[in-house]
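Welcome, and please load the model in your viewer. We will go from one selection to the next and say what sits at each stop.

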Amino acid sequence: MEAYLGYLLYFLSLATVGGIYAIFALGLNVQWGFAGLFNVGIVGFAAVGAYTYALLTTAESTFHYGGLGLPLPVGMFVAMVASAVIAGVIGLICIRLRSDYLAIATIGISEIIKLILKNETEVTNGPRGINKIPRAWEHFSEERFYSSWPMSWFNTPEGWAVFFDALPNWWWQPCFAATVLFCMYVIYRMLERARISPWGRMMTAIRENEPAARAAGKNVTARRVEAFVIGAAIMGFAGALFAQHLRLIEPTNTFDPAKVTFLVWVMLILGGSGNNRGAMLGAFLIWTIWSASELMIGGIIDLAGYVFQSFDTGVLATRAGFLRMMLIGILMQVVLQKYPAGILPEVRPASPQSNK
Amino acid sequence: MWESFGFEFVNFYFIPGLVLGCIYALGAIGITLTFGILRFANFAHGELMMMGAYLTWTIMAIATAILGIAVHPLLAAIPASIVVIYLFFWTDKFFYKPFRKADTIKVVMASFGMMLILRSAVQVIWGPNQLTFVPGIAKPNPSLLGWSSDIGAMLLIPNKHLFIFAGTIVFVVVLSYILNRTRIGKAMRAVSDSPDLAHVTGIDVDQVIRATWIVGGVCAIAAGVFLAMDIQMLETTMGFRMLLPMFAAAILGGIGKPYGAVVGGLVIGLSEELSAYPWIGDAPLLSPGYKTGVAFAIMVVMLIVRPQGLFKGRSF
């Protein structure tokens, strides 16, 4: 029974993180898949979302600014807005130039954001990071939540304490995973609606043939900025979920460009850019490969250490993670060259006339 | 005057800024040539720089182990640069060439992937920890110190910085000779100005692309080795840290303009270091932690005001 519980929890954490990455990939799909905007600063938008959420919702702390203790949905919403505002500023500056410049500017802004998070120690606690970030569902069992409204309307703090003590300590995991997947589903439905709407078809037109779209009287720059801002808002939201999942965030290792920006790109390209379902499929697939290969490489190294007794496995263990990154990079190059459409290629919505 | 103001300013802000500027300038030459001739922003350039520095370190280590002599980094860089140039050729052949006829953004994406692959490769081969490039503390050059003290100024310039200045000047002079006097250099400039016209006049574009990788590669490895000489160690993030300032230098100077990249690199390097000088009061004008931000701010201002750069480069 215990073993099955372990598998269940592993599966739940796979679903949770996979779902968060799927939201990132959906956000990138709006920018790259719909509008053809090359954003390589995903990690910056994720960091803005995560830090905004963390500063607004944590309990008061002496290490960083506030800890305003606001309700969780408020934190999530402000995280989206903050990420969208930054994207709007970059978009207005760079979108009229060619896509290379947007790439350089986004990678730049994500480094600057990390620099600010690292150096403004008064506000963000610098490299030491922020901890005790409330996670959805689990936060109900924290005293500051169950002793205040609305939870205090239903039970006394003592009653709640007894109630939560009676639950198994992993009770929040299925709830959190379900919440993440539900958020992913809602965003997916909204984007699917956007894709087949006139707006989505106009985005495709702009991406495929900009002069023609301009000649047809479409405001190309404004539409592109819109797509960039919407995508960044979704990334900010995913960043807030990421902070909830980790509960401890710091600027350098948590927001490593290789592990956020690059993985999300590989997910979208493998799954199929332009296809929302493809983005989600790619996210779950790559994340499963990524976390399963960690276990597998660990096993192989142990085996090698067992077979060759004189072998120093410590060196291998530290470098195996980088080898994995390299293989994922090569996978991306192969997909880019041989299967540019991905697993689920983009499907163009039929025009309304053809349905008649 | 010199006692109160100049000593600190020149030795601790101006000279380091100039050194950094030389390194950025050499790196930006490669970026601006690739951007101008192959028409894409090469994100893997910084990683190839780093690879060159690591290879140089390896050759130095091998020479010490087998021959028992300490080789100067600049000598060891010569065989290393051949390997790096072949690396440039290989990445071009396997990862960039398939997209030459396709949308340029695909190549940018491939180079972005290349950046991660190369960095991971370095981390797998050499390990993720810092390595010492040249041990010991760099002492100021004694003859320069004596000479400058005689004329009432005191210059504390270590030998490594003199090598960097001299090396940069040599590279820029050689580069300008190649671009202005040789046939292939003229062809490179022609392709940069108008690829279609160059093709029509019978210029071998593949040869020009090879020449671009060689020139860019030699400058890149020089920049990588100079950087490693300056900070005296190797780390796997050093290429990525240089990337943004180098792009900023290339954009500031104008895309496709090698002299622009040199000027841009010097401006970016100097302004990064001088931004930490206490211009007003005693505190640094800008916290040294934000040095990278200066390069980015200059780049953003340029993109808004004058996207074609100071020297009227290409703007897309």
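Throughout the tour, helices (H or I, at least four residues) and strands (E, at least two) are DSSP runs, numbered from the N terminus. This is a predicted model, in which local features need pLDDT of at least 70, side-chain atom pairs count only at pLDDT 80 or more, and totals for chains, interfaces and linings use all residues. Residues are numbered from 1 along each chain as its sequence is written, while chains are lettered from A and ligands numbered from 1 in the order in which they are written.

**Stop 1: chain B as a whole**

Select chain B, with its twelve helices and two strands. Along the sequence they run α-α-α-α-β-α-α-α-α-α-β-α-α-α. The radius of gyration, taken over C-alpha atoms, is 20 Å for chain B, close to the 20 Å of the globule rule (2.2 Å times the number of residues to the power 0.38) for 316 residues, so chain B is as compact as a globular protein of that length. Its C-alpha atoms fill a box of roughly 60 × 55 × 35 Å along the principal axes.

Colour chain B by burial next. A residue is buried if 20 or more other C-beta atoms, placed from the backbone, lie within 10 Å of its own, exposed if 12 or fewer, and partly exposed in between. By that rule, 47% of the 316 residues of chain B are buried.

**Stop 2: a bent helix**

Now pick residues 238-253 of chain B, which form helix α10. Where does α10(B) bend? Look at L244(B), where the bend is about 25°; this is the angle between axes fitted to the seven residues ending there and the seven starting there. A proline, P245(B), follows within four residues. Of the 16 residues in α10(B), 14 are buried. Step just past the helix to G254(B), which has a positive phi of about 100°.

**Stop 3: where the chains meet**

Show both chains and select residues in contact across them, meaning that their C-beta atoms, placed from the backbone, lie within 7 Å. Chain A gives 31 residues and chain B gives 33. On chain A, at least two residues each come from α3 (72-94), α4 (99-119), α12 (258-271) and α14 (313-338). The largest share of that side, twelve residues, belongs to α14(A).

**Stop 4**

Select residues 276-307 of chain A, helix α13. Its buried residues include M280(A), A283(A), W287(A) and W290(A). Among the elements covering the buried residues of α13(A) are α1 (2-34), α8 (172-196) and α12 of chain A.

Which residues touch the most other members of the largest nonpolar core? They are I23(A) and A25(A), in a core of 199 residues. Such a core is a set of buried Ala, Val, Leu, Ile, Met, Phe, Trp, Tyr and Cys residues joined through C-beta atoms within 7 Å. Helix α9 (residues 205-231) of chain B supplies its largest share, 16 residues.

**Stop 5: a loop glycine**

Finish at G69(A), in the loop between α2 (42-57) and α3 of chain A. G69(A) is partly exposed, with 16 other C-beta atoms within 10 Å. L56(A) is 13 residues away in sequence, yet the two C-alpha atoms are 6.1 Å apart. Beyond its sequence neighbours up to four places away, G69(A) touches T57(A), A59(A), E60(A) and R144(A).

Methods
Two residues are in contact if their C-beta atoms, placed from the backbone, lie within 7 Å. The expected span of a helix is 1.5 Å times one less than its number of residues.
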